[in-house]
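Trainee: I would like to go through the charged contacts in this model. Could we begin with burial?

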Amino acid sequence: VTNDVGQAHFTDAQIKLKWAQVLEPANPNPANVLGHIELNQALADGSKLLKGANYAGAEQKFGQAADAAKKLNDVKAQANAESWQRCAGDLDKAFLAKQAGDAPSEVSWLEAAKGIQEVSGLAGWLKDAQNRAAGQATQAATRRNLAAEGVAAHCAVTTGTMTALPFRADAFHLVTSSLAIH
């Protein structure tokens, strides 16, 4: 079908048939076209949400992609979408653990996500969480030692870097140091 300037125009049925031939060349079925479009759109939306750190939204979109793949009887696409759904769910739980200040749980969820899919930036986030978890463990051990010595009520445990301690310049009369890198 052409218009008065020779441009081609296609009916919806013709477009669906063409997409069906592209998506399933061996057995084109126009009814599956919308399912493939839904699957691909949900995967694209999930990926975009994942890159934007909207892990709960990504988990939902990957779930929609898995449902669309299931309707198409596409086992491989369904497994892929479900894998991304689990990964996004684990990242969401890691994000919530980070917000709660629970670095050990955050590390556990990040390691679970890492075992499912490759995610950009995950290695750096995991290393940061591991460092915070180690710091939390060190602080807990220090607090236990202070309590064992009976001086916990007179002490505060603060973490900082050697080059930027979180105190005013005139906060102390005397400072001692041990186990520091010189």
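Mentor: Glu106 is buried, at 0% relative accessibility; buried means under 20% relative accessible area, exposed over 50%, and partly exposed in between, with a 1.4 Å probe and protein chains only. This is a predicted model, in which local features need pLDDT of at least 70, side-chain atom pairs count only at pLDDT 80 or more, and totals for chains, interfaces and linings use all residues. Residues are numbered from 1 along each chain as its sequence is written, and side-chain values use heavy atoms, leaving out hydrogens and water.

Trainee: Which side chain does Glu106 meet in a salt bridge?

Mentor: That of Arg132, at 2.8 Å, N to O. A salt bridge is a side-chain nitrogen of Lys or Arg within 4 Å of a carboxyl oxygen of Asp or Glu.

Trainee: And where do Glu106 and Arg132 lie?

Mentor: Glu106 is in helix H5 (residues 103–114) and Arg132 in helix H6 (residues 122–149), so the pair ties together parts 26 residues apart in sequence. Helices are DSSP runs (H or I, at least four residues), numbered from the N terminus.

Trainee: How many salt bridges are found in the whole structure?

Mentor: The search finds four. Among them, Lys61 and Asp45 meet at 3.8 Å, N to O.

Trainee: What about Arg168?

Mentor: The side chain of Arg168 meets that of Asp170 in a salt bridge at 3.1 Å, N to O. Arg168 is exposed at 60% relative accessibility, and Asp170 is exposed at 59%.

Key
Helix = DSSP H or I, 4+ residues; strand = E, 2+ residues; numbered from the N terminus.
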